[in-house]
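Okay, everyone, I've got one structure to walk through today. Let me put it on the screen, and then we'll go through it piece by piece.

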Amino acid sequence: MPPPRNKPMADDFMPFEKRLSLLDAKGKILIAGNTDTEVVNEQEITHNGAVVAVLQLHANGNHVSALTQHYLNTQINISLWTAGIGLLIALLFSYLLARHFTNPISQLKEGAKALAEREFETKITVNSSDEFATLAEDFNRIATELRRFESQQSQWIMDISHELRTPLTILEGELEAINDGIIEPNQKAISSLQEEVALLSRLVNDLHKVSTLDRYSFNYQMEEIDFNTLVTLQAHKYAFKFQSKNITLNATLSEQPVIILADQNRITQVLQNILENNLRYTDEQQKVWLDLTVSKHHVFLSIEDSGPGVPDEALEKLFDRLYRTDSSRNRKTGGFGLGLAICQTIVEAHHGSIDATKSRLGGLCITLKLPLAEA
């Protein structure tokens, strides 16, 4: 491509003769040409083997300037094209990057709005393997837990209503019978009413315990206690009760102190609830066995009986509130299905766990796992 020109061609080039200079052997200028530009060629003139003059050819200054300008223009054009293409690539990359960030955020925003409107079936999907995918998994897990919680709360309210309805219906019926003269308001009738009121009061107290434990678990008075001594004390306390029902109570405990960090009153409540269940539901002439073992960081207490047990499908539900393996169980002799739920709340507040499995003796085995104080 010819260099861009701002003047006619004739003005761009210096005449050839004006670019020649003639110097003598000593370098003195004999004929001066355009000496402002550099020498691009030089030829010696000799006579009889001796240099008598030097002929020099100088560069055309205007021509060099035009080439330089052409080079600069070319570089500017290349830079402009490079900058333009780079800008387009940057804009495209920015758009794709923005979509990568804004799409998951928009989904999370819409999902949060749906959860706020109690649409707990909401799920979001992020097709990536970065932090957004982890955040989406956590969001879906929250939605699942909220859905499960809502279902449990609905079932919880229904179960409470059912439990309260039974004694209230009996009270209402007996009072109407007394009012209509069908039943005499004698000591027997009053005792029957008192039993239903006592039953209702016990249920309300148990419900209050559950709500209190859930809400104020941070108020536990933690201190170092000897769990082995505490279990021994409760085993001695219940020995007479088991003996009166012809149930054999055995215990394999530690010979050394087992120190845990716990609220002694709450842990005592756990032990009493479990032993009360064994006392209520273990048949006569059967056995109950307490087995305490210690590992490096935890203490384990297994309380198992020889029967009768519970169905396999009921093991995971034993800690659900108001759950009973026999829905027709007599509430006056049995419980409301809150004892083990209370135990689970207390044990988890102590960073432990409680599980129900089949007993080696043929019945039910409840296992407590609590961390040692040094752990």
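So, start with strand β1, residues 20-24, and strand β4, residues 50-58: the two pair in the antiparallel sense over 5 bridges. When I say strand or helix, I mean DSSP runs, E of at least two residues for strands and H or I of at least four for helices, numbered from the N terminus. And two strands pair if DSSP finds at least two bridges between them.

Before I go on, a word on where this comes from: it's a predicted model, with local features needing pLDDT of at least 70 and side-chain atom pairs counting only at pLDDT 80 or more, while totals for chains, interfaces and linings use all residues. Residues are numbered from 1 along each chain as its sequence is written, and side-chain values use heavy atoms, with hydrogens and water left out.

Back to that sheet. It's an open one of 4 strands, in the order β2-β1-β4-β3, with antiparallel pairing. The edges are β2 (29-31) and β3 (39-47), and each has a single partner strand, so one side of each has no neighbour in the sheet. On average, neighbouring strands here are turned by 30 degrees against each other, direction ignored; the axes are lines fitted to C-alpha atoms, for helices over the stretch in contact, and angles run from 0 to 180 degrees between N-to-C directions.

Now the other sheet I want to show you. This open sheet has 5 strands, ordered β6-β8-β9-β11-β10, and its pairing is mixed. Its edge strands are β6 (248-252) and β10 (353-358), each pairing on one side only. The twist averages 15 degrees from one strand to the next. Out at the β10 end, β10 pairs with β11, residues 364-371, in the antiparallel sense over 6 bridges, and A356 has I366 in β11 as its bridge partner.

What lies across β10 and β11? That's helix α7, residues 339-349, running at about 135 degrees to β10. After α7 comes H351, with a positive phi near 60 degrees.

Next, the loop between β10 and β11, where you'll find S359. Buried or exposed? S359 counts as buried, because its relative accessibility is 9%. Its side chain reaches the backbone oxygen of D305 at 3.1 Å. Leaving aside neighbours within four places in sequence, S359 is in contact (heavy atoms within 4.5 Å) with E304, D305, L364 and C365.

Last stop, the inside. The largest nonpolar core has 40 residues, and F227 and I274 touch the most other members. By core I mean a set of buried Ala, Val, Leu, Ile, Met, Phe, Trp, Tyr and Cys residues joined through side-chain atoms within 4.5 Å. Among the elements that each supply at least two residues of this core are α5 (227-244), α6 (264-281), α7 and β10. Beyond four places in sequence, the contacts of F227 include V258, I267, L292 and L370. There's also a second, separate core of 9 residues, with V126 and F132 among them.

And for the whole protein chain: 7 helices and 11 strands, with 33% of its 375 residues counting as buried.

Conventions: Buried < 20%, exposed > 50% of the residue type's maximum accessible area, 1.4 Å probe, protein only. Polar contact = N/O pair within 3.5 Å; in protein donor to acceptor, adjacent residues only side chain to side chain.
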